[in-house]
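Biologist: Can you load the model and walk me through it? I'll ask as we go.

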Amino acid sequence: MPALETFLQAIVNGLVLGSFYALIALGYTMIFGVIKLLNFAHGDVYMVGAFVGFGALSLVSGVVGAGWTGLAIAVLISMIAVGFLGVVIQRVAYQPMLSAPRLSILITALAVSLVLQNGALSLTEGSYKAFRTDLGFGGFEFGRLFISHQAIVLVATAAVLMIALEFFVSRTMYGRAMRAVSIDKDMCRLLGINVNRVVAITFLIGSGLAAAAGTMAGAYYGSIWYFMGFLIGLKAFTAAVIGGIGSITGAMLGGLILGLLESFGTQIPFIGSEWKDVFTFAILILVLVFKPTGLLGKSEVERM
Amino acid sequence: MTTSTDRPSNLIDRLYAYFDSPRRQMLLLVGIVLVLAIMPLFMGRYTTTIMTNALLYVVLALGLNIVVGYAGLLDLGYAAFFAVGAYSIGILTVQFDWNFWLAIPPALIAACMAGVIIGGPTLRLRSDYLAIVTLGFGEIVRFGARNLEITGRASGLSNIPEPNLFGYVINSYVDFYYVFLLLAVLAVIASHRLYHSRLGRAWLYVRHDEDAAEAMGINRVRVKLAAYVTGSVFGAIGGIFFSVNLGAISPESFSFEQSVLILMAVILGGMGKIHGVILGAFIIILGPELLRELGELRLLLFAVIMLLIMLMRPSGIWPERRH
């Protein structure tokens, strides 16, 4: 039954794609939650994560090889390094702008995005870098349906990271503080919560998740370049909006929904792969127009 | 805090203070236009072409300035309007053999419609949503141009005929220099008139306090839409003459990078200020020419400057002084 296999293959592809979107969307939604900023630079943080992971893998591959262990270490290094990069960005660029008009902070975020993007462009001379691993191409075959080991590990890793995050946010002290800050920052200050530290931790985690996605995407697709964060950043933002911006569960859900939609969308003959990206933007605009709060988001009034 | 009565300390601020009065500004502008008008006599082909490009950016940046600077809406897909103007002309003159001048009104109508289509449903949204929707819209237009038959797909449209003005064919680089100089002057006048109009004041109120503006009886969605459509008309006019100047257009001329460069021009010089935006447009085009060896570092340098400006001098290089 080729139709069923095509259907299942689309689900597998959609889950892989959706895992990337979800991991990046989490950063958008968390940062938006605590400082109400749409972090334009987030897609580029993902790109930097891919390059740091690439560098880390080349360093450790001499010792442990470029297999699963090497990649796991590269992902960890990238998450930590880029997590701190996120904190630096927040401290240097966003902290001074928090009381400025919204337009100023948006433009600042755009400027950060461009600095990262063009910094990477200058360092890599704009060329693609081959992200070589020794993960092999093994997998499970069911007739014409093929599920690679890589896809399984990737989706599982994303799931573990998301469960860990959910646990952190719902059970730990800083997770509670994070939720409190997203509701009322001033009240949190009065109650003795170190808001600056909570915001820093949010950037640390959000950027770290994007870095994990970046490194895994590099390994999965096999090449990275300076512009890779642009489109996926937009799509992950779409995912965050679909799920309801500010909602962590929503970001995961939105990521998976968008991944599946896109995977199935390309199966429709009329749309085809050349219109794939237009399809995503059309979804974004439709959701924003008809249900700006997304699936799980709360409505809120904009304060300029 | 310095007040406007303080004597500005450094030379540049004193220079700005000197040009603070509207009359001196007008004289400065007239002087600049006169200098620009005689410049082709002394410039070679290469310099003239670069200056033509700078003047095009003045038009585009002034158009975006209405959206970003006047109405306070962040548009990250401004190149889309530029593309709509250019492609409307390209399609009508190349695919349907229309006369260039007859094709201008449909091109402008197309740009207005694009402004309404994208602005209408989204201007009610949060301002950062608007930014991302405009970005998405810009990409949709570029993808559309790349995938449609009528826009010539990835290779674009070529052999766009040169405009014929009462028997005189506008085709030399000097002709186009003057065309763009005229457009830039018209854009400056239009921007100035709009700024001091009832609508311009409404933009100012909406930008500073949307709720208060609405309480004063300003229909904020309609006012924002007006900014959007006006900006799109400026962009389309730039695109219309850009297409006939080059004679060929392709989707990559209207990339996100293009939108960003125009936005940088607006921000570098100072959002909302005509003279600042003109300065910004010239910096964006002439800067890389003066620093040739920069090459790929050009955008990085601009991005860093943009970040520093936002952090240290948010009102731009040549800010408006409060009276």
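Modeller: In chain A, strand 2 (residues 139-142) and strand 3 (residues 145-148) run antiparallel and are joined by four bridges. Strands pair when DSSP finds at least two bridges between them. Helices (H or I, at least four residues) and strands (E, at least two) are DSSP runs, numbered from the N terminus. This is a predicted model, where local features need pLDDT of at least 70, side-chain atom pairs count only at pLDDT 80 or more, and totals for chains, interfaces and linings use all residues. Residues are numbered from 1 along each chain as its sequence is written, and chains are lettered from A and ligands numbered from 1 in the order in which they are written.

Biologist: What stands opposite Gly139(A) in strand 3 of chain A?

Modeller: Ser148(A) does.

Biologist: And which residue in that hairpin takes a positive phi?

Modeller: Gly143(A), with phi near 60 degrees; the hairpin has two residues between the strands.

Biologist: What is in chain A overall, by helices and strands?

Modeller: Eleven helices and four strands. The radius of gyration of chain A is 19 Å, close to the 19 Å from the globule rule for 304 residues, so chain A is as compact as a globular protein of that length. That radius is taken over C-alpha atoms, and the rule is 2.2 Å times the number of residues to the power 0.38.

Biologist: And chain B, how many helices and strands?

Modeller: Chain B has 13 helices and two strands.

Biologist: Where does pLDDT stay under 50 in chain B?

Modeller: Over residues 1-5, for which the model has three contacts beyond four places in sequence. pLDDT is the predictor's confidence in each residue, from 0 to 100. Where it is low, the predicted coordinates should not be read in detail. For chain B the mean is 86, and 93% of its residues reach 70 or more.

Biologist: What are the ipTM and pTM scores?

Modeller: The model scores ipTM 0.83 and pTM 0.87.

Notes. Two residues are in contact if their C-beta atoms, placed from the backbone, lie within 7 Å.
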